[in-house]
Amino acid sequence: MPRGDPAEGGRVNKPETIKKGRKYQQVLSGAREVFMADGFEGASVDTIARSAGVSKATLYSYFPDKRLLFMEVATCECGMQATAAIDSLNMDAPPAEVLRVAGNHMLGFLLSPFGQRVFRICVAETDRFPELGQRFWDSGPGLIERTLDRYFDRAIARGELVVEDKILAAHQFAELCKAQLFPRLVFGLQADFTESERTRVVDSAVEMFMARYGAR
């Protein structure tokens, strides 16, 4: 399609708005399937429309360009994953229990087929679309960061943790949960991970975190 075609991400003089009507979820579902299979560049508007079971005109009416459509797919999915993780946390439970649940959710999403694809696409497209990285961060990692920050406040008040820089501590824990497995995934050394491999990493992350920040 021509460079200026809005649905292919071309530069157009249209406001970047998204309409949420009765076929909004239908369009998102079809787009999710195509983006995950073909990536951002490989996904065509024709294929997305067919997958969603809508006309191109209908797709255009919801999303003025492909970039907005991909950002909405990634944001919604990451938001759902983060919300599920947050809802599973008992903010009154001991730190080791809360961290283990949070760690399993974070690692599970990162290693999932969808998590892998979203991560790769976001990294690949962030230079061209800087707002994409911000949307991904706000709807996923940033939401987890803010939740752990609030939990740390409670645990500190109960005398269970001693943390001076809560945001740094939250990121340290997230990085510990990615140890060994995520680098192997990123560099294509391993694609599938057993439950025992995941448990080993998360349990070790919790143990190290508590050794550093647990109240003595």
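## A partly exposed valine

V186 is partly exposed, because its relative accessible area is 32% and the term covers values between buried (under 20%) and exposed (over 50%), computed with a 1.4 Å probe and with protein chains only. This residue is found in helix α10, which covers residues 181-186, where a helix is a DSSP run of H or I with at least four residues, a strand is a run of E with at least two, and both are numbered from the N terminus.

Together with F187 and L189, V186 makes a nonpolar surface patch of about 330 Å². Such patches are made of residues with over 30% relative accessible area and no salt bridge, nonpolar side chains (Val, Leu, Ile, Met, Phe, Trp, Tyr) being joined within 5 Å and like charges within 9 Å; the areas come from the Shrake-Rupley method with a 1.4 Å probe, and for residues only the protein chains shown count as cover.

## About the model

This is a predicted model, in which local features need pLDDT of at least 70 and side-chain atom pairs count only at pLDDT 80 or more, while totals for chains, interfaces and linings use all residues. Residues are numbered from 1 along each chain as its sequence is written, and side-chain values use heavy atoms, with hydrogens and water left out.

## The overall fold

The secondary structure of the protein comes to 11 helices and zero strands, and along its principal axes the C-alpha trace spans about 65 × 35 × 30 Å. Of the 216 residues, 44% count as buried. The protein exposes about 11300 Å², of which carbon and sulfur atoms supply 53%.

Among contacts between residues at least 6 apart in sequence, 72% join residues at least 24 apart, a contact being heavy atoms within 4.5 Å. Leaving aside neighbours within four places in sequence, Q116 is in contact with F109, L110, L111, L185 and A191.

## Charges and salt bridges

The protein has 28 positive and 29 negative side chains, and the centres of the two sets lie 4 Å apart. Lys and Arg count as positive and Asp and Glu as negative, with His and the chain ends not counted, and each charge is placed at NZ of Lys, CZ of Arg, CG of Asp or CD of Glu. Side chains of opposite charge can pair when their charged atoms come close. A salt bridge is a side-chain nitrogen of Lys or Arg within 4 Å of a carboxyl oxygen of Asp or Glu, and by this rule the count comes to eight.

One of them joins D203 and R100, whose closest N and O atoms are 2.9 Å apart. Because D203 lies in helix α11 (residues 195-213) and R100 in helix α5 (residues 95-111), the pair ties together parts that are 103 residues apart in sequence. Both partners are partly exposed, D203 at 31% relative accessibility and R100 at 33%.

Another joins D149 and K166, with the closest N and O atoms 3.1 Å apart. Here D149 lies in helix α8 (residues 141-157) and K166 in helix α9 (residues 166-177), so the pair ties together parts that are 17 residues apart in sequence. D149 is buried, with a relative accessible area of 18%, and a network of salt bridges links D149, D153 and K166. The side chains of R158 and E160 also meet in a salt bridge, at 2.9 Å from N to O; R158 is partly exposed at 33% relative accessibility, and E160 is partly exposed at 25%.
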